[in-house]
Amino acid sequence: MTTLQKMNPLKYIPNTITCLNLACGAAATAISFHQDYRTAIILILAAAVFDFCDGLAARALNAYSAIGKELDSLADLISFGTAPAMILYNILAPVHGEISIVSMSPFVIIIGSALRLAKFNTDDRQSDNFRGLPTPASALLIGSAIYYVSDNPASLRNMGESISLIPLASIAIFALLISDIEMTSLKFKGFGFRKNLRRYMVLFLATVTAILFYIPSKSVSLALFAAICSYIALNILLAIISVIYHKFIK
């Protein structure tokens, strides 16, 4: 077999899509320094779409590789860790100074994302569900909140002027990222009801929550924020129930 015959251009498609994810994250980070938060958030959303598509492409083409796995994590760190953290930093810095504990507090999200991704790459318990908040969910949680608030410049300014709101939110997201809480993966390996009961529960609750928030507000960003909050809340509730069951009932 010749070298040309061995080369299969299709196997490069997943990594190319991953690089598009990375490009969107890098662009979002740069644009956040110009206070164009909406464009930055749209780029983060695009990165999330590419992140979903590279996995689909890898499965469809059976084009898995060790470098693809590492590249995906590096791209996610930029798009879903660095980019949202820099949006928050640039909201805080004009008020609290470029070098201050308050302004730099969102950097813990970058650290949490790095730890989360490193754990994912080395933890064999995460084949069906995640351990800790997935980095795309973290980024979309932040992005949807900022996108919604940016409708009202006064609200965005008040958020930046608060000495505690963004720092405490950043610490909470960091804790969720590095936690060992089982978080439902929405990647279906089949559509059987019993095997996917948890996934269907999460999808149903998130969809209903999104609709309930969208109807009065007509805001897609608020609906997305509410849906992700419901996803987090349900997984925390299921984790508490599991602990109670195994310690006191079983």
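## Helix α2

Helix α2 (residues 13-32) has 20 residues, which at 1.5 Å a residue should span 28 Å; the end C-alpha atoms are 29 Å apart, in agreement with that expectation. The expected span is 1.5 Å times one less than the number of residues in the helix. Helices (H or I, at least four residues) and strands (E, at least two) are DSSP runs, numbered from the N terminus.

The buried residues of α2 are Pro 14, Ile 17, Thr 18, Asn 21, Cys 24, Gly 25, Ala 28, Thr 29 and Ser 32. They cover an arc of only 135° around the axis, which puts them on the same side of α2. Buried means under 20% relative accessible area, exposed over 50%, and partly exposed in between (1.4 Å probe, protein chains only); the arc is that of the directions from the helix axis to the C-beta atoms. An α-helix has 3.6 residues a turn, so residues three or four places apart point the same way. The cover over the buried residues of α2 includes α3 (37-61) and α4 (66-96), where contact means heavy atoms within 4.5 Å. Leu 20 also belongs to helix α2 and is partly exposed, with a relative accessible area of 38%. The C-alpha atoms of Leu 20 and Phe 50 are separated by 6.7 Å, although the two residues are 30 residues apart along the chain.

## Basis and confidence of the model

This is a predicted model, in which local features need pLDDT of at least 70 and side-chain atom pairs count only at pLDDT 80 or more, while totals for chains, interfaces and linings use all residues. Residues are numbered from 1 along each chain as its sequence is written, and side-chain values use heavy atoms, with hydrogens and water left out.

The pLDDT, the predictor's confidence in each residue from 0 to 100, averages 89 over the protein, and 93% of the residues score at least 70. Confidence is lowest in helix α1 (residues 3-6), at a mean of 46, and highest in α9, at 97. Over residues 1-5 the pLDDT is below 50, and beyond near neighbours in sequence this stretch has one contact in the model.

In helix α8 (residues 153-161), the buried residues are Leu 156, Met 159 and Gly 160. Seen down the axis of α8, they fall within an arc of 95°, so they line one face of the helix. Their cover includes α3, α4, α7 (135-149) and α9 (165-178). At the start of α8, a side-chain oxygen of Asn 152 reaches to within 3.0 Å of the backbone nitrogen of Ala 154.

The largest nonpolar core has 38 residues, of which Ile 87 and Ile 146 touch the most other members. Elements giving two or more residues to this core are α2, α3, α4, α7, α8, α9 and α11. Such a core is a set of buried Ala, Val, Leu, Ile, Met, Phe, Trp, Tyr and Cys residues joined through side-chain atoms within 4.5 Å. Not counting residues up to four places away in sequence, Ile 146 touches Tyr 37, Ile 41, Ile 87, Leu 88, Ile 91, Leu 156 and Met 159.

## Buried polar residues

Ser 103, in helix α5 (residues 101-104), counts as buried at 0% relative accessibility. A polar atom of the Ser 103 side chain lies 2.6 Å from the backbone oxygen of Gly 97, and a polar contact of 3.0 Å joins the side chains of Ser 103 and Ser 100. A polar contact is a pair of N or O atoms within 3.5 Å; within protein, one must be able to donate a hydrogen and the other to accept it, and residues adjacent in sequence count only if both atoms are side-chain atoms. Leaving aside neighbours within four places in sequence, Ser 103 is in contact with Tyr 89, Leu 92, Ala 93, His 96, Gly 97 and Glu 98.

Asn 121, in helix α6 (residues 107-122), is buried, with a relative accessible area of 19%. The side chains of Asn 121 and Ser 73 are joined by a polar contact of 3.0 Å. Beyond neighbours within four places in sequence, Asn 121 is in contact with Lys 69, Glu 70 and Ser 73.

Gln 35, in the loop between α2 and α3, has a positive phi of about 60° although it is not a glycine; at 42% relative accessibility, Gln 35 counts as partly exposed. Lys 218, in the loop between α10 (197-217) and α11 (220-249), has a positive phi of about 55° and is likewise not a glycine. Lys 218 is exposed, with a relative accessible area of 57%.

Glu 182 lies in strand β2 (residues 182-183) and is partly exposed, with a relative accessible area of 30%. Not counting residues up to four places away in sequence, Glu 182 touches Asn 129, Phe 130, Arg 131, Arg 198 and Asn 235. The C-alpha atoms of Glu 182 and Ala 239, 57 residues apart along the chain, are separated by 6.7 Å.
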